[in-house]
Amino acid sequence: MKKYNVGVIGATGMVGQRFLLLLENHPWFEVKCLAASSSSAGKKYKDAVRRWHMASPMPEKFADITVLDAKADIQKISSEVDFCFCAVNMNKEEIKALEYAYAKAECPIVSNNSAHRFTEDVPMVIPEINADHIEVIKAQRERLGTKRGFIAVKSNCSLQSYVPLLHPLKKFGILEAVVTTYQAISGAGKTFETMPEIVDNVIPYIGGEEEKSEKEPLKIWGKLENGKIIPASSPAISAQCIRVPVSDGHTAACFVKFENKPAKEEILKTWKEFSGEPQKLKLPSAPKQFIHYFEEDNRPQAKLDRNTENGMAVCAGRLREDNIFDYKFVGLSHNTLRGAAGGAVLLAELLAVKGYFD
């Protein structure tokens, strides 16, 4: 596989930092540009980062790179890289405009942001589930008038804890699902140091999260028609999203009703055998076993299991029959790895293999 030169836009933030740890020794992607806000521009990366949030130290190879201005240096960045990852902290309209500007400068964007998730010709991809949606990029390029430039996004981080577990069960006819997600503070870009109010506390509201959790799966399960992704009309999903005092790892309690109720053994077999395009293509970041089921009553646990397969697997447990729905179970995913930067890197690997950066 050829090497690609890569930029990270929003490099100083928590997800940007996670990108750099993942890209430090990546076999295909070489980081050439780091970009952030104008207040960080012109500084060395080690000086621009106000707080290093990761448990692993800052990679030395990036410490002395001069940070560029994400807005002012679009042409310079676009000329030096094959594509960029984007994880900026701005309002939605500003992010939309910024990502369009890079795409129109012929720099493909693999985005961690939510701004373009419901743009009809922007693929929102969990690579094991809807890899085929990247084909909409052809129509997006026609709309933008670009040869190389486009935008592809990953879904909301909380989805990874239950959508990959529901997806293989769709063959049994999912009628409806109810999910409550218990979301780590890193999902808000926080640590216990920067979010003291979460200690000994549970906050029953995360702005915008419940709407995303109910709507985004329907786009992921949608169909590609006439250059647009048409969201699925079912199954109905009802979500509650709660912030809990956990550093990393989103947990989901999920209840599901089927048209054709399977036996418990059928569900476990389906999960065990499920794999997708990343496993078939042996992408560098792909977990070998996508779904890991734990037989123990007290698993999966965020602290013990979030790093399963380098944080890129989805964990499940406590599958049992329910007296209102057919079944209930618990899911877990690492929200800044599978859910954010890692999911975006996996999407970029898929796009690279399929020739979208060439």
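The model is predicted, so local features require pLDDT of at least 70, side-chain atom pairs count only at pLDDT 80 or more, and totals for chains, interfaces and linings use all residues. Residues are numbered from 1 along each chain as its sequence is written, and side-chain values use heavy atoms, with hydrogens and water left out. Helices (H or I, at least four residues) and strands (E, at least two) are DSSP runs, numbered from the N terminus.

Strands of a sheet pair through backbone hydrogen bonds, either parallel or antiparallel. Here six strands form an open sheet with parallel pairing, in the order S3-S2-S1-S4-S5-S6; two strands count as paired if DSSP finds at least two bridges between them. Strand S3 (68–69) and strand S6 (151–153) are the edge strands, each pairing on one side only. Strand S2 (residues 29–36) runs parallel to S3 and is joined to it by two bridges, and Ala-35 stands opposite Leu-68 in S3.

Helix H1 packs on this sheet, where it touches strand S1 (4–9), S2 and strand S4 (83–86); contact means heavy atoms within 4.5 Å. The direction of H1 makes about 160° with that of S1. Axes are lines fitted to C-alpha atoms, for helices over the stretch in contact, and angles run from 0 to 180 degrees between N-to-C directions.

H1 (residues 14–23) also meets helix H14 (residues 337–353): their axes come within 9 Å and cross at roughly 50°. The residues in contact include Val-15 and Phe-19 of H1 and Ala-341 and Val-345 of H14.

A salt bridge is a side-chain nitrogen of Lys or Arg within 4 Å of a carboxyl oxygen of Asp or Glu. The whole structure holds 21 salt bridges. One of them joins the side chains of Lys-71 and Glu-94, at 3.4 Å from N to O. Lys-71 lies in the loop between S3 and helix H4 (74–80), and Glu-94, 23 residues apart, lies in helix H5 (residues 92–104).

Finally, the backbone deserves attention. The peptide bond from Ser-234 to Pro-235 is cis, with omega near 5°; Pro-235 is in the loop between strand S9 (228–230) and strand S10 (236–243). Glu-309 has a positive phi of about 55° although it is not a glycine, and this residue is found in helix H13 (residues 308–311).
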